[in-house]
Amino acid sequence: MSSELVLEVLTSASVSAGLSTCLIFLSKSWISERIKGVIKSEYDQKLETHKAQLKSESDIQIEQLKASLSIAAAEKHVKFSKLHESRAEVIAKTYSLLKTTIVTFKDYVKAFEPAGDLPRNERKQIAAKAHEAFREYFPTKVIYIPTETANKIDAIDKELVINFNQFALQIDGVENKIDYDKWDDVIKKLNGDVSEALTELENEFRHLLGDES
């Protein structure tokens, strides 16, 4: 075999080997890219599916939360409405009892007694019972009334007690030499300070019940 032939054979073999190697490399690269593409496609699909599931679950949880909040708001509204109704009832009853007490006190201490009027002693008993009814009710319901307003009610009550006792002991209980100045002073306090305090209390009660006028 001549050297040229040997060289040709060796060259052909080298080229074939190089081509084979190149083809194998390209095949591996192509297969690798295909595998990567398939894996990426499956991953992207699973990722989108997972995102969709998460969004669905999130939407459900949000709707459940909204429903819970709506129920809580409705329950709170019902409780507030009942509380407002109870407060309105307490205010109305407190005012009625206090107003009745003041009216009967004024009737008890009045200077002019028309013909056919009840005796002063009976008017005293009526005033005392009215005051007793107020004192039995108000302390048990004071929780429904703001502290400042409750303090004003207590102040009116104390003023009534002072004037009642002053009249009962120093005027009504005296047979001779009645002190008309003290009598007049009691009447003025009931018609002045006490009545003004009651008017102020009426305005506060209206405000508590939602009347802003």
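Me: Among contacts in the protein chain between residues at least 6 apart in sequence, what percentage join residues at least 24 apart?
Reply: The figure is 73%. The model is a predicted one.

Me: How many helices and how many strands does the protein chain have, and in what order do the elements run?
Reply: The chain has four helices and zero strands. Starting at the N terminus, the order is α-α-α-α.

Me: Where in the protein chain is confidence lowest, and where is it highest?
Reply: Confidence is lowest in α1, with a mean of 73, and highest in helix α2 (residues 120-141), with 95. For the protein chain the mean pLDDT is 81, and 77% of the residues reach 70 or more.

Me: What makes R123 count as buried?
Reply: Buried means under 20% relative accessible area. R123 has 1% relative accessibility, so R123 counts as buried. R123 is part of helix α2. Setting aside neighbours within four places in sequence, its contacts are D107, Y108, K110, E113, D117 and L118.

Me: What percentage of the 213 residues of the protein chain count as buried?
Reply: The share is 21%.

Me: How many aromatic pairs does the count come to?
Reply: It comes to seven aromatic pairs. One of them joins Y108 and F164, with 5.3 Å centre to centre and 40° between the planes.

Me: Why is the pair of Y108 and F164 called tilted?
Reply: Ring centres must lie within 6.5 Å to pair, and planes under 30 degrees apart count as stacked, over 60 as edge-to-face and the rest as tilted. The centres of Y108 and F164 are 5.3 Å apart and the planes 40° apart, so the pair is tilted.

Me: What does the pair of Y108 and F164 tie together?
Reply: Y108 is in helix α1 (residues 3-109) and F164 in helix α3 (residues 147-172), so the pair ties together parts 56 residues apart in sequence. Both Y108 and F164 are buried. Ring pairs also link F105, Y108, F164, F167, Y180 and W183 into a cluster.

Me: How do you know that the span of helix α4 agrees with its number of residues?
Reply: Helix α4 (residues 180-208) has 29 residues, which at 1.5 Å a residue should span 42 Å. The C-alpha atoms at its ends are 41 Å apart, which agrees.

Me: Where is the kink in α4 centred?
Reply: The kink, of about 35°, is centred on K189.

Terms used: Residues numbered from 1 in each chain as written. Predicted model: local features only at pLDDT ≥ 70, side-chain atom pairs only at ≥ 80, totals over all residues. Heavy atoms only, no water. Helix = DSSP H or I, 4+ residues; strand = E, 2+ residues; numbered from the N terminus. Expected span 1.5 Å × (residues − 1). Bend = angle between axes of the 7 residues up to and from the residue. Phe/Tyr/Trp six-rings, centres within 6.5 Å; stacked < 30°, edge-to-face > 60°. Buried < 20%, exposed > 50% of the residue type's maximum accessible area, 1.4 Å probe, protein only. pLDDT = per-residue confidence, 0-100. Contact = heavy atoms within 4.5 Å.
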